[in-house]
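Take a look at the sequence and the model below.

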Amino acid sequence: MKYVISACLAGITCRYDGFSNSNDTVLRLARSGSAVLVCPELLGGLSVPRTPCEILHDRVYDNHGSDKTKNFERGALKALNIALSHGCARALLKARSPSCGYGCVYDGTFHHVLTPGCGFYAALLEKAGIKIFTEENIRAFLDTL
Ligand code: SF4
C-alpha cells in the first residue's frame, strides 16, 4: 500500500529557506517504491526560497503580513488529490509546518510558539480519512508497514 511523505523529509530542498529536513529513515522509505513525495507549498505556486509563513485565525500569512492563504489552499488540494489518486491510506508529514504539521503548529507570531492545530494539507488528509504520522512518531508509522 502506498503512502504519502512530505518531500522535505525525503531530502528534497523545498523548505522555505532552500534546505530540506532530510531524515535517514525517511530516505530509505522514499527509495522503497511505496512512497509518494509531495510538497503542498510548491504545488500551491510558492517558490524556493520563500518567506516563512504561519497560520493565524485560519489564514496563512508570511512574516511581512502578506496573506498566502490561497496558495496554501490550492497546494493542499492538489497534494490531497495526488495522495488519493495513488490510493494512499497513510501519510508521514513534517511536524509543525503550516501545510504539513499535525497536532500542533506555530501560532502566527513568528516567535516559535506552538499552538494546537493542523497545517492546511494535514487537515485535508485527515478529513479524507488518511492516517497521519510525523517524523516525531515515525516508529508508530513504521509499525504500520
Ligand atoms: S510544505 Fe510540507 S513538504 Fe513542503 S517544505 Fe513545507 S513541510 Fe516540507
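## Gly18 and its contacts

Which residues does Gly18 touch, once neighbours within four places in sequence are left aside? They are Thr13 and Val48. Gly18 itself is found in the loop between S1 and helix H1 (24–30). Keep in mind that you're looking at a predicted model.

For a sense of distance, pick Lys70: Gly18 and Lys70 are 52 residues apart in sequence, and their C-alpha atoms are 22 Å apart in space.

## A cis bond at Val48

Val48, one of the contacts of Gly18, has something else to show you. The peptide bond that joins Val48 and Pro49 is cis, with an omega of about -5°. To find Pro49, go to the loop between helix H2 (40–43) and strand S3 (53–56).

Now find helix H3 (residues 69–85) and helix H4 (residues 120–127). Their axes come within 8 Å and cross at roughly 40°. Because of that angle, H3 counts as oblique to H4. The crossing of H3 and H4 is right-handed.

Who does the touching? From H3 it's Thr69, Phe72, Glu73, Ala76, Leu77, Ala79, Leu80 and Ala83, and from H4 it's Phe120, Tyr121, Leu124 and Leu125. Sort the residues of this contact by type and you get 10 nonpolar, 1 polar and 1 charged. As for burial in H4, the buried residues are Phe120, Tyr121, Ala122 and Leu125. Just after H4 comes Gly129, which takes a positive phi of about 85°.

With a relative accessibility of 43%, Leu84 counts as partly exposed. If you don't count residues up to four places away in sequence, Leu84 touches Ala128 and Ile130.

## An aromatic cluster

How many aromatic pairs does a search of the whole structure find? The count is 3. In one of them, the rings of Tyr3 and Phe141 have centres 5.2 Å apart and planes at 85°, so this pair is edge-to-face. The pair links distant parts of the chain, since Tyr3 is in strand S1 (residues 3–6) and Phe141 is in helix H5 (residues 138–143), 138 residues apart.

Phe141 pairs with Phe133 too: those ring centres are 5.4 Å apart with planes at 70°, so that pair is edge-to-face. Put together, Tyr3, Phe133 and Phe141 form one aromatic cluster. Tyr3 is buried, Phe133 is buried with a relative accessible area of 5%, and Phe141 is buried at 0%.

## Two histidines with positive phi

Last stop: a pair of loops. His57 has a positive phi of about 50° although it isn't a glycine, and you'll find His57 in the loop between S3 and strand S4 (59–62). Its relative accessibility is 72%, so His57 counts as exposed.

His112 has a positive phi of about 60°, and it isn't a glycine either. This time the loop is the one between strand S6 (104–106) and strand S7 (114–116). At 68% relative accessibility, His112 counts as exposed.

Terms used:
Residues are numbered from 1 along each chain as its sequence is written. This is a predicted model: local features need pLDDT of at least 70, side-chain atom pairs count only at pLDDT 80 or more; totals for chains, interfaces and linings use all residues. Side-chain values use heavy atoms; hydrogens and water are left out. Axes are lines fitted to C-alpha atoms, for helices over the stretch in contact, and angles run from 0 to 180 degrees between N-to-C directions. Helices (H or I, at least four residues) and strands (E, at least two) are DSSP runs, numbered from the N terminus. Angles under 35 degrees count as roughly parallel, over 145 as roughly antiparallel, 65 to 115 as roughly perpendicular and the rest as oblique. A crossing is left-handed if the near helix is turned anticlockwise from the far one by less than a right angle, and right-handed if clockwise. Contact means heavy atoms within 4.5 Å. Ala, Val, Leu, Ile, Met, Phe, Trp, Tyr, Cys and Pro count as nonpolar, Asp, Glu, Lys and Arg as charged, and the others, Gly among them, as polar. Rings of Phe, Tyr and Trp (its six-membered ring) pair if their centres lie within 6.5 Å; planes under 30 degrees apart count as stacked, over 60 as edge-to-face and the rest as tilted. Buried means under 20% relative accessible area, exposed over 50%, partly exposed in between (1.4 Å probe, protein chains only).
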